[in-house]
Amino acid sequence: MAQAPVLLTVGELATRGGVAVSALHYYESRGLIQSQRSGGNQRRYSKATLRRVAFIRAAQQLGVGLAEIGEALACLPAQRTPTKADWARLSTGWRAQIDARIAALQALRDRLDGCIGCGCLSLKACALYNPQDACAAQGSGAQRLLPPTAVAGQRRRRQA
Ligand code: FES
């Protein structure tokens, strides 16, 4: 006889997932996770929900918004435990985004001790890399920190 799937209470999911119960309720209200009701009308979660919660937290720590996270999770099957292939499909869709964030973090790490093209002209290097705030012509913000895609987007908007 098939064993009944192990279901977690909201407290167990919160403890193992490292989030507050209120956060789980919020995720559920946004459709990011699903629960079923016990005989006593209490929420019960599949163990696979732990992976969704871990994904939500990791993405949030990367600065990704819940709407975007919801779009990504929407490609996972709701009625069965997502497989490796399901998660691979999700991560393929996110690869470019994650690569862009890695590039932005690397630029921040590698350029923060030099001129970042912000307009302050406060470092000796600014005279070389941003004479008379030449970067302002490209757009607002730290032009030497933004990834090329962001700079190109700003330029297009200015020309539009
Ligand atoms: S660091 Fe601000 S303009 Fe160079």
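**Getting to know this predicted model**

Asn41 sits in the loop between β2 (36-37) and β3.

Me: Okay, what is the phi of Asn41 near?
Reply: This is a predicted model, and Asn41 lies in that loop between β2 and β3. Asn41 isn't a glycine, yet its phi is positive. The value is near 60°.

Me: Where is Asp133 found?
Reply: Asp133 has a positive phi too, about 55°, although it is not a glycine. As for its place, look in the loop between α6 (124-129) and α7 (148-159).

Me: Why does Asp133 count as partly exposed?
Reply: Buried means under 20% relative accessible area and exposed means over 50%, with partly exposed in between. Asp133 lands in that middle class because its relative accessible area is 23%.

Me: Zooming out, how many helices and strands are there in the protein chain?
Reply: Walk along from the N terminus and the elements go β-α-α-β-β-α-α-α-α-α. Tally them up and you get 7 helices and 3 strands.

Me: Which element of the protein chain has the lowest mean pLDDT?
Reply: Over the protein chain the mean pLDDT is 84, and 89% of the residues reach 70 or more. Among the elements, helix α2 (residues 21-29) has the highest mean, 96. At the other end, with a mean of 63, is α7.

Me: What share of the residues of the protein chain count as buried?
Reply: A residue has to be under 20% relative accessible area to be called buried. The protein chain has 160 residues, and the share that counts as buried is 28%.

Me: At roughly what angle do the axes of helix α4 and helix α5 cross?
Reply: Helix α4 covers residues 66-73 and helix α5 covers residues 84-111, and their axes come within 9 Å. On the α4 side the contact is made by Glu68, Ile69, Ala72 and Leu73, while α5 brings Trp87, Leu90, Trp94, Gln97 and Arg101. By class, that contact has 6 nonpolar, 1 polar and 2 charged residues. The crossing angle is roughly 145°.

Me: And which element gives the largest share of the lining of the largest pocket?
Reply: That pocket holds about 350 Å³ of space. It's lined by 19 residues, and the closest to its centre are Gln34, Gln36, Ser46, Thr49 and Ala78. Two elements give two or more residues to the lining, β3 (43-46) and α3 (49-61). The largest share, 3 residues, comes from β3.

Me: How many residues of that lining are charged?
Reply: Sort the lining by class and you find 8 nonpolar and 7 polar residues. The charged ones number 4.

Methods
Residues numbered from 1 in each chain as written. Predicted model: local features only at pLDDT ≥ 70, side-chain atom pairs only at ≥ 80, totals over all residues. Heavy atoms only, no water. 1 Å grid on protein atoms, 1.4 Å probe; cavity = no way out; pocket = protein on both sides within 12 Å on 5 of 7 lines; lining within 4 Å. Points joined across faces, edges and corners; volume = space filled by probe spheres on them. Helix = DSSP H or I, 4+ residues; strand = E, 2+ residues; numbered from the N terminus. Nonpolar A, V, L, I, M, F, W, Y, C, P; charged D, E, K, R; others polar. Axes fitted to C-alpha atoms, helices over the stretch in contact; angles between N-to-C directions. Contact = heavy atoms within 4.5 Å. Buried < 20%, exposed > 50% of the residue type's maximum accessible area, 1.4 Å probe, protein only. pLDDT = per-residue confidence, 0-100.
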